[in-house]
Amino acid sequence: MHLEPYFKEVQMRIMSVGMVNLFIERMTIDEIAPKTQRHILGTLSVICKHCVSRGYMATNPCAKGDRAPVRGSMGKRGAYTADEVERMFSQNVVLSVRALMHTSAFTGLAANELQGLRWPDIDLYAGMITVSNTGYRNALQDETKTEYRQRTVPIPSSLLKLLREWKVKCHSDTWVFPAITGRMGEQNAWRKQIANVCKMAGVEDKGLGGFRKFYSSQMENDGVPKSIRNYRMGHSQQSNVGDIHYTEADIKRAQSVADIETIAAKVSA
């Protein structure tokens, strides 16, 4: 997605530190997050290391000591606490924003997954959301960040009721959280909406990602097993056996709504 469009005409033997630095500048101009830039450069560095080992390149132009550093905090945004979420949910906000916040808080979907979420992905009868696509720069990507991000997660009853209400009033038959124009939703607009809700509630703005981290931390606090948390968050189980990540029992429990109902009850009126 990022490397091929920029470097597809470049022969590896002539790639230089200067080219890599210009690529970093391009990513910054395109507003690619520093953390994502580091992941992209990490992949490029692995490719370059392979070329060096094969004799195609003399040195690795992507090595940290040579190329320009990627600026930006290495820290992670914190999670909203249950008290903060409750205060945010108690604010008088439009239905679309309320549905967006609740969906993020009770399913753990990342911003790009919410962006690519379509109504056919939601089973409003069985109470399940299937993640198989993401949104990127107003375009639907037919893949997720990793294979583990393809998952099916349960919807607690309070969110299910809210999504049914929102579907009736939503101005798009395709996108669950569309832009005003009816096209795919815009993360920049969501950031402003969340920041406004935080201001109203007197809560530190931790972005939309703060709800995803709330979802993870609350499951951990309630004793949900790590393998179940990882499945719902779209992470690897970190098994020692690389080809076996989840048992059928793990997935069945991860798709059960029982413990999410408990989390939702804590902050729902």
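Select Arg 151 and Glu 113: their side chains form a salt bridge, with 2.9 Å from N to O. A salt bridge here is a side-chain nitrogen of Lys or Arg within 4 Å of a carboxyl oxygen of Asp or Glu. Arg 151 sits in strand 5 and Glu 113 in helix 6, so the pair ties together parts that are 38 residues apart in sequence. Helices (H or I, at least four residues) and strands (E, at least two) are DSSP runs, numbered from the N terminus. Arg 151 is buried, with a relative accessible area of 2%, and Glu 113 is buried at 2% as well. Buried means under 20% relative accessible area, exposed over 50%, and partly exposed in between (1.4 Å probe, protein chains only).

This is a predicted model, in which local features need pLDDT of at least 70 and side-chain atom pairs count only at pLDDT 80 or more, while totals for chains, interfaces and linings use all residues. Residues are numbered from 1 along each chain as its sequence is written, and side-chain values use heavy atoms, with hydrogens and water left out.

Arg 149 counts as buried, at 10% relative accessibility. With all three selected, you have a network of salt bridges linking Glu 113, Arg 149 and Arg 151.

The structure holds 8 salt bridges. For another one, select Arg 26 and Asp 30, whose side chains meet at 3.1 Å, N to O. Arg 26 counts as partly exposed at 36% relative accessibility, and Asp 30 counts as partly exposed at 30%.

Return to strand 5 and select Thr 152, which lies in it. Thr 152 is buried, with a relative accessible area of 18%. Its side chain is joined to that of Thr 130 by a polar contact of 3.3 Å. A polar contact is a pair of N or O atoms within 3.5 Å; within protein, one must be able to donate a hydrogen and the other to accept it, and residues adjacent in sequence count only if both atoms are side-chain atoms. Residues up to four places away in sequence aside, Thr 152 touches Met 128, Ile 129, Thr 130, Tyr 231 and Gln 255. Contact means heavy atoms within 4.5 Å.

Next, select helix 12 (residues 258-267), where Asp 259, Ile 260, Ile 263, Ala 264 and Val 267 are buried. They cover an arc of only 140° around the axis, which puts them on the same side of helix 12. The arc is that of the directions from the helix axis to the C-beta atoms. Among the elements covering these buried residues are strand 5, helix 7 (157-169) and helix 9 (209-221).

Last, look at the cores. A nonpolar core is a set of buried Ala, Val, Leu, Ile, Met, Phe, Trp, Tyr and Cys residues joined through side-chain atoms within 4.5 Å. The largest has 50 residues, and those with the most contacts inside it include Tyr 80, Phe 106 and Ile 122. Helix 5 gives the largest share of this core, 7 residues. A second, separate core of 16 residues includes Ile 24, Met 27, Leu 41 and Cys 62.
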